[in-house]
Amino acid sequence: MRVVLVAFDGFTDLELWLAWDLLHRVRVPQWEVEIVSDRLRLRSATGLFFDTLCLPVWEAAADALLFCGGTGVARRCQDSALLALLKVNPARQMLAAVNEGALMLGGLGLLKNRIVTAPPTAELRQRLLAFGARIA
């Protein structure tokens, strides 16, 4: 299984590092976890810099994608050039998001009439509703 964690500049540290730590501990043959982004060097919401583990290539070969939240996602979810790079297939891939990460799913047109859990802020709630999501 190939799991891809998608993060953007300004990502929320806990949302990326917790998922990375938990998923990377799985010791099953042919289980891979990668962090990808639209740039090679990212800065977290708390100012931590790191280099992504692979080139910023969106691969349709991933079995699962997790979109992490943060201020960078809020800016990128309506970037048509970036969205065109994302090769997601909800019929074949497991897709998940944390907080603002759900905006990427919305930008990809995947939230229409989908139930999302209660977002932490009124602004995020409104943006998800604008993508057609239903708030639980």
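Me: In this predicted model, helices are DSSP runs of at least four residues and strands runs of at least two. What pattern does the protein chain follow along the sequence?
Reply: The protein chain has 5 helices and 8 strands. Read along the sequence, they give the pattern β-α-β-β-β-β-α-α-β-α-β-α-β.

Me: What is the radius of gyration of the protein chain, and why does it agree with a compact globule?
Reply: The C-alpha atoms fill a box of roughly 40 × 35 × 30 Å along the principal axes. For 136 residues, a compact globule would come near 14 Å. The value for the protein chain agrees, at 14 Å.

Me: In which helix is confidence highest?
Reply: The mean pLDDT of the protein chain is 89, and 95% of residues reach 70 or more. Confidence is lowest in helix H3, residues 80–85, at a mean of 86. It is highest, at 95, in residues 102–107, helix H4.

Me: What share of the contacts with a separation of 6 or more joins residues 24 or more positions apart?
Reply: Buried residues make up 40% of the 136 residues. Among contacts with a separation of 6 or more, the share from residues 24 or more positions apart is 60%.

Me: How much of the accessible surface belongs to carbon and sulfur atoms?
Reply: The accessible surface of the protein chain is about 7400 Å². The carbon and sulfur part of that surface is 57%.

Me: How far apart are the mean positions of the positive and negative charges?
Reply: The protein chain carries 15 positive and 13 negative charges.

Me: Is Cys77 buried or exposed?
Reply: Cys77 lies in the loop between helix H2, residues 71–76, and H3. Its relative accessibility is 1%. Buried means under 20%, so Cys77 counts as buried.

Me: What separates the C-alpha atoms of Gln93 and Ala130?
Reply: Gln93 sits in the loop between H3 and strand E6, residues 94–97. Gln93 is buried, with a relative accessible area of 5%. Gln93 and Ala130 are 37 residues apart along the chain, and their C-alpha atoms are separated by 24 Å.

Me: Is Gln30 buried or exposed?
Reply: Gln30 is placed in the loop between helix H1, residues 13–24, and strand E2, residues 32–36. The C-alpha atoms of Gln30 and Met1, 29 residues apart along the chain, are separated by 6.2 Å. The relative accessible area of Gln30 is 69%. The cut-off for exposed is over 50%, so Gln30 is exposed.

Me: What is the phi of Gln30?
Reply: Most residues other than glycine have a negative phi. Gln30 is not a glycine, yet its phi is positive, at about 70°.

Me: What is the phi of Asn113, and where does Asn113 lie?
Reply: Asn113 is exposed, at 55% relative accessibility. Although it is not a glycine, Asn113 has a positive phi of about 60°. Its place is the loop between H4 and strand E7, residues 115–116.

Methods
Residues numbered from 1 in each chain as written. Predicted model: local features only at pLDDT ≥ 70, side-chain atom pairs only at ≥ 80, totals over all residues. Heavy atoms only, no water. Rg over C-alpha atoms; globule rule 2.2 N^0.38 Å. Buried < 20%, exposed > 50% of the residue type's maximum accessible area, 1.4 Å probe, protein only. Contact = heavy atoms within 4.5 Å. Areas by Shrake-Rupley, 256 points an atom, 1.4 Å probe, with all protein chains shown as cover. Lys, Arg positive; Asp, Glu negative; His and termini not counted. Charge placed at Lys NZ, Arg CZ, Asp CG, Glu CD. pLDDT = per-residue confidence, 0-100.
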